[in-house]
Amino acid sequence: MWAASCLASCCAACACDACRTVVSSISRRSARIAYCGLFALSLIVSWILREVAAPLLEKIPWISQFNETHNREWFETDAVLRVSLGNFLFFTILSVMMVGVKNQKDPRDSLHHGGWMMKVICWCLLVIFMFFVPNEIVSFYETISKFGSGFFLLVQVVLLLDFVHGWNDKWVGYDEKFWYVALFVVSLVCYLATFVFSGLLFHWFTPSGQDCGLNTFFIVMTLMCVFGFLIVALHPSVSGSILPASVISMYCTYLCYSALASEPRDYECNGLHKHSKAVSTATLTFGLLTTVLSVVYSAVRAGSSTTLLSPPSSPRSGAGKPLLPLDKVDEHEEKEKSKPVSYSYAFFHIIFSLASMYSAMLLTGWSASVGESGKLVDVGWPSVWVRMVTSWATAGLYIWSLLAPILFPEREF
C-alpha cells in the first residue's frame, strides 16, 4: 500500500511537471495556437460526452428531474450544450477582460499571452460547473446559440470577402503579364469546378422519379447567383474583377452542396448517401475533424486580420512617434514598452465564443436531431436552411461590395 501511494504521488508529480513544461513553452507567437488547441479540446470533449455521458446524466437529479418524457438524444444534446456553455463563458470572460488593450505595456497583454496553467484550470472548472446549473439556463443558452451561430457564419463570409479582394489586389498590384495570366487561369479553374460541381449536384440530389423541386430550386438559385456575379463584376461601371467572382461562385456552390448533403439520410432526394442509415466511426471522425478545422481556421483568421481588427493604436496610425528623437536608446526602449498590439484581443476571444455556439449547433444537429441524424455531425433540416441562407448572404454581401463604391462614392470602402 505504501509503495502504491508513493508510485501514485510520483506519477502525479511527473504529470504536473509535464503540464508545467508545456504551458511554459507557449510563447507570444504561439499563444493563438494554444487557444486553438484548447478550443479543439472542447470539441473533442463534447463529442466524447455526447457518445458516453447520456446514461450518467440520466442519474443526476437536477438534470433528469424535469425530463420524464425525453429520450436518450435529449441527454446527448444536453451534454454537448453544457460543455459548449462552459467554453463560451471562458472566452467571453477573456474578451471582456481584454477590452481596451492597445499596447503591450498594458498588464492584460501578459494575461492574454501567459498564465496558461491558471487558464487551463479555470476552463476545466467552468466546464465542470456547467453540469451543476439548472436546465433552464442550458435551454436559454441553446436558444441564443442559434443566433450566435448566425453571427459566426456572417463573420466567416466577411473574412472570405476580405481575403479574395486582398488576393486580387495583390496580384493586380504586381502589374506584370505573368500575374494577369495567373488571375485568368485561377478564375477559369474555379469556374470549371463550379459548373462541373453543379452538374454533380443535379445528379446526386435530383434523382429521376422523385419530386425534388426544393433541391432543384436550391441548385438553380446558386447558378443564377454565379451568372449574376460575373455580369456585375464585368460591368464597365463596376471596378470588379473576375477572380473574386469565380472564388465566391465556387464557395456558394460548395455551400449549396453542404446544405444538400445535410439533408436527412432517409430523405428520398438525398441520393448521395443512398438512404444508408449506418454511420461509421470514420464518417463521424471525418465530420468532426472537418468541423474543427473550419471553425479554428475562421477564428484564427478573424483574430489575425489586421484589416478588420486593427486597434486605433496600430503601427499604421503613426501614434506615439516622438517629434525630437534626441536619445535613440530611450526611444527604442519606449517603443518596445508601448508597442501597439497587432490585433484586437477582445474580438479574437469573441470569435471563439461565437464558434463555441456554432460548434454546439453542428454537434447537435441545431438541437433538432432525431433518430439516426442525431448521431451525425451537421445533419438535419435546420442545417440545410442555415447553409442555404449563408450562401444567399454571401451572394448579397459580395454584390454589395461591388455596388457600394458606386452608390456611395464619397465614402471609403
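A disulfide here is a pair of cysteine sulfur atoms within 2.5 Å. A search of the whole structure finds one. The model is predicted, so local features need pLDDT of at least 70 and side-chain atom pairs count only at pLDDT 80 or more, while totals for chains, interfaces and linings use all residues. Residues are numbered from 1 along each chain as its sequence is written, and side-chain values use heavy atoms, with hydrogens and water left out.

**Stop 1: the disulfide**

Select Cys212 and Cys269. Their sulfur atoms lie 1.9 Å apart and form the disulfide. Look along the S-S bond: the torsion is about -95°, so this disulfide is left-handed. Now show the helices, which are DSSP runs (H or I, at least four residues) numbered from the N terminus, as are strands (E, at least two). Cys212 sits in the loop between helix H9 (177–205) and helix H10 (213–233), and Cys269 in the loop between helix H11 (242–261) and helix H12 (281–304), so the pair ties together parts 57 residues apart in sequence.

Buried means under 20% relative accessible area, exposed over 50%, and partly exposed in between (1.4 Å probe, protein chains only). Cys212 is buried at 5%, and Cys269 is buried at 0%.

**Stop 2: another cysteine**

Select Cys256, which is in no disulfide; the nearest cysteine sulfur belongs to Cys252, 9.4 Å away. Cys256 has a relative accessible area of 0% and is buried.

**Stop 3: the salt bridges**

A salt bridge is a side-chain nitrogen of Lys or Arg within 4 Å of a carboxyl oxygen of Asp or Glu. Across the whole structure, three are found.

Begin with Arg82 and Asp78, whose side chains meet in a salt bridge at 2.6 Å, N to O. Both belong to helix H5 (residues 72–97); being four residues apart there, they are separated by about one helical turn. Arg82 is buried, with a relative accessible area of 0%, and Asp78 is buried at 4%.

Move to Arg50 and Glu51, where the side chains form a salt bridge of 3.3 Å, N to O.

Finish at Arg108 and Asp106, a salt bridge with an N to O distance of 3.0 Å. Color the two residues by accessibility: Arg108 is partly exposed at 27%, while Asp106, at 17%, counts as buried.
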